[in-house]
Amino acid sequence: MFKANNMRLWKKIILIYLIVILIPILVLDYFLSKSIGAISFRSSLELSKVSLDQLGENITNKLGVYYDVIDGLSNDLQFNSYMNTVYTTDYDALHDYRAYIQPLFERLNYKISDVVIRVYTQNASIGFSGILNNSMEDLKREGWADLSNPTGGVIRWAGAGNSIKLSNKEYLGGYRFLLNSRKDYNLDSVLAVFFRKDELYSLISKENEGGKKIFFYNEEGNILVSTESESEYRNIQDVKFDNPSSEKSKGYFLAKYKGSDYIVLNKKIDQSAYNINNWSITYMIPTGTIYASIHSIRVTSIVLSLLCIVFSLILTHYLSRNITGRIKKILVKIGKVKRGNYTISDEISGTDEIGILNTSFNEMVDKINTLIHEVYEAEIRVVNEKLKSSVIETRVKEAKIITLQSQINPHYLFNTLESIRMRLLIKGDRETSDIIGMFGETFRLSLSSNHEWYKLADEIRFVDSFFLIQKYRYGDRVNYEKHVPAELLNFYIPKLILQPLIENSIYHGIEMKSAGGMVTVRAFIEEGELVLTVADNGAGMEEDELQAVREDIRNSAESVASLGHTRIALKNIHTRLKLMFGDQYGLTINSRKGFGTEVRVTLPVLDDSGEGGMKRV
């Protein structure tokens with residue numbers, strides 16, 4: 001006998017849920033989505049058939065327009081009179097052409113643009129334009145007309161399977177043999193009207209959405225226009241279908257074309273009034289287009305089913321809480337533990353899953369309490385001791401570094417340089433003495449402060465001294481100018497920003513030009529930022545070299561040891577500025593071979609906060 005009370009609780013809930021809710025929902029979803037999918041397929045197929053019918057009507061109407069042009073022109077009395085008249089003088093022929101024929105052609109071209117009208121005739125007395133000066137020999141040579149049965153009256157179509165080339169454009173055409181009333185109604189002229197193949201393609205291209213393939217061909221299978229290349233397919237027999245299904249009785253069949261699955265529809269077009277008999281349109285729809293909508297319906301159905309399942313789960317959970325009061329008591333104890341109360345009483349009895357869960361929970365709380373009071377507190381003490389030791393070691397190392405730094409007395413270097421300068425001065429070498437003095441001044445300025453900030457004025461003074469030293473070496477080959485407004489001189493910048501850039505301009509720009517050059521330093525405010533530029537009219541760089549330099553200074557993973565001295569200086573300055581101020585600051589380099597290089601430095605506008613730090617202005 002089946003005893004529900006002996007089953008595990010989770011088995012009871014799952015069994016009830018499967019029997020009452022989940023299985024019916026899944027079965028209903030399967031049959032519903034399958035039924036809706038079939039309806040959607042039939043609906044999409046019917047819409048495609050309607051589109052195919054409309055396409056066939058549009059193509060027939062378009063061809064009917066050109067048919068009417070040929071028919072109307074060939075039945076025009078003045079046109080036929082002109083064609084059948086043999087003129088004795090060119091004046092008479094030209095007069096009639098301008099009076100009757102030319103206005104007729106102009107009216108036709110006004111009504112229907114982009115058509116080409118040609119008359120091929122044996123009447124040599126009327127050849128006054130590109131329309132009329134074509135002989136029957138020209139027609140034979142062009143080869144697009146069927147001259148095997150030249151009977152009058154019937155308008156025929158040309159260009160199927162092999163477009164007519166006129167002025168490097170693809171045309172289709174219609175033509176009619178004209179009978180000469182002067183010679184017992186013998187055939188001696190052909191009237192042809194050519195129209196752009198794009199006129200028909202524009203109709204099928206509107207249906208070419210979603211990867212559809214369309215072929216329009218005559219009774220012989222020769223393709224007039226299609227969505228595929230004419231060089232690939234000239235006749236419908238050239239279009240190969242793989243594994244066609246046997247559902248043609250339903251008005252369509254399934255087949256593979258170029259590796260993809262298609263639904264293939266065929267429509268016959270018969271319009272005897274336009275001499276269109278047994279022509280056809282093959283209309284191919286990718287199955288993915290139709291199945292995509294079916295898939296969307298199925299996804300919607302699955303989502304709705306999932307929502308039903310979720311709702312049923314919530315309902316099942318609610319009902320289970322009503323009949324399992326002991327679970328609620330366990331949840332109350334869990335809440336106490338979450339609030340830090342690890343003193344719990346055992347109020348739940350039983351040996352089923354709830355009882356086992358209660359016992360395991362009590363044991364877990366006891367173990368957690370033990371870990372908190374014994375192991376965890378011991379771990380905290382160990383970590384604190386390690387942190388204290390680490391802080392002490394760090395401070396000892398810093399003290400050692402400061403002690404070593406303090407042992408370097410820059411005054412010794414200053415005094416030594418001053419002694420050398422005075423000795424040179426005593427010997428009368430004033431020029432060298434001045435250079436040593438300026439070098440000592442630049443060295444003193446670079447080490448004059450314990451901070452890495454100083455005013456822009458200090459940097460400009462440092463640059464001035466540096467240039468005087470360079471003038472001593474290069475003479476008039478190196479020139480220098482600066483454009484720094486006085487109101488910017490009291491703003492603070494990181495030390496030694498401009499000097500390495502100027503040094504690069506001299507050594508790698510101007511020094512490489514025999515005529516020397518000019519280094520220009522500018523400072524200005526742009527969009528609330530301080531901008532410094534160092535520009536030279538030196539040798540400059542090729543584009544690939546410039547890109548390499550830019551990449552080197554941007555690449556934070558690049559090893560400094562692998563870079564040259566120039567790129568090390570640029571990379572260090574760029575990295576300093578980004579670390580100090582953020583990624584929007586740093587260097588921008590522009591160069592042109594033979595014209596020079598400009599390095600642009602973007603900085604925030606900084607002033608002294610009065611507390612040993614900098615503040616933005």
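Predicted model: local features only at pLDDT ≥ 70, side-chain atom pairs only at ≥ 80, totals over all residues.
Residues are numbered from 1 along each chain as its sequence is written, and side-chain values use heavy atoms, with hydrogens and water left out.

The protein chain contains 14 helices and 19 strands, where helices (H or I, at least four residues) and strands (E, at least two) are DSSP runs numbered from the N terminus. Of its 617 residues, 38% are buried; here buried denotes under 20% relative accessible area, exposed over 50%, and partly exposed the range in between, with a 1.4 Å probe and protein chains only. Where contacts (heavy atoms within 4.5 Å) link residues at least 6 apart in sequence, 61% of them join residues at least 24 apart. The accessible surface amounts to about 36400 Å², of which carbon and sulfur atoms contribute 55%; such areas were computed by the Shrake-Rupley method with a 1.4 Å probe, and for residues only the protein chains shown count as cover.

The largest nonpolar core comprises 50 residues, of which I59, L63, F79, L200 and F216 touch the most other members. A nonpolar core is defined as a set of buried Ala, Val, Leu, Ile, Met, Phe, Trp, Tyr and Cys residues joined through side-chain atoms within 4.5 Å. Helix α1 (residues 9-74) supplies the largest share of this core, with eleven residues. When residues up to four places away in sequence are not counted, F216 touches I59, L63, L200, N222, I223, L224, V225, I269, W279, S280 and I281. Another core, of 40 residues, lies apart from it and includes V478, I497, L498 and L546.

Strands are taken to pair if DSSP finds at least two bridges between them. Strand β8 (residues 253-257) pairs with β9 in the antiparallel sense over five bridges, with L254 opposite I263 in β9. These two strands form a hairpin with two residues between them, and K258 in the turn has a positive phi of about 55°. On pairing with β10, likewise in the antiparallel sense, β9 forms nine bridges, and I263 stands opposite I285 in β10. The hairpin of β9 and β10 has four residues between the strands; N275, in the loop between β9 (260-271) and β10 (276-286), has a phi near 55°, a positive value in a residue other than glycine. N275 is partly exposed, with a relative accessible area of 25%.

A positive phi of about 55° is also found at L496, which is not a glycine and which lies in the loop between β13 (492-494) and α12 (498-510). L496 is partly exposed, at a relative accessible area of 29%.

In a regular strand the side chains alternate between the two faces of the sheet. In strand β2 (residues 155-158), I155 and W157 point one way and R156 and A158 the other, and all are buried. β2 pairs with strand β4 (residues 169-180) in the antiparallel sense over four bridges, and the bridge partner of W157 in β4 is G174.

On the surface, L15, I16, I19 and V20 form a nonpolar patch with about 390 Å² of accessible area together. I16 belongs to helix α1 and is exposed, with a relative accessible area of 54%. Patches are made of residues with over 30% relative accessible area and no salt bridge, like charges being joined within 9 Å and nonpolar side chains (Val, Leu, Ile, Met, Phe, Trp, Tyr) within 5 Å; a salt bridge is a side-chain nitrogen of Lys or Arg within 4 Å of a carboxyl oxygen of Asp or Glu.
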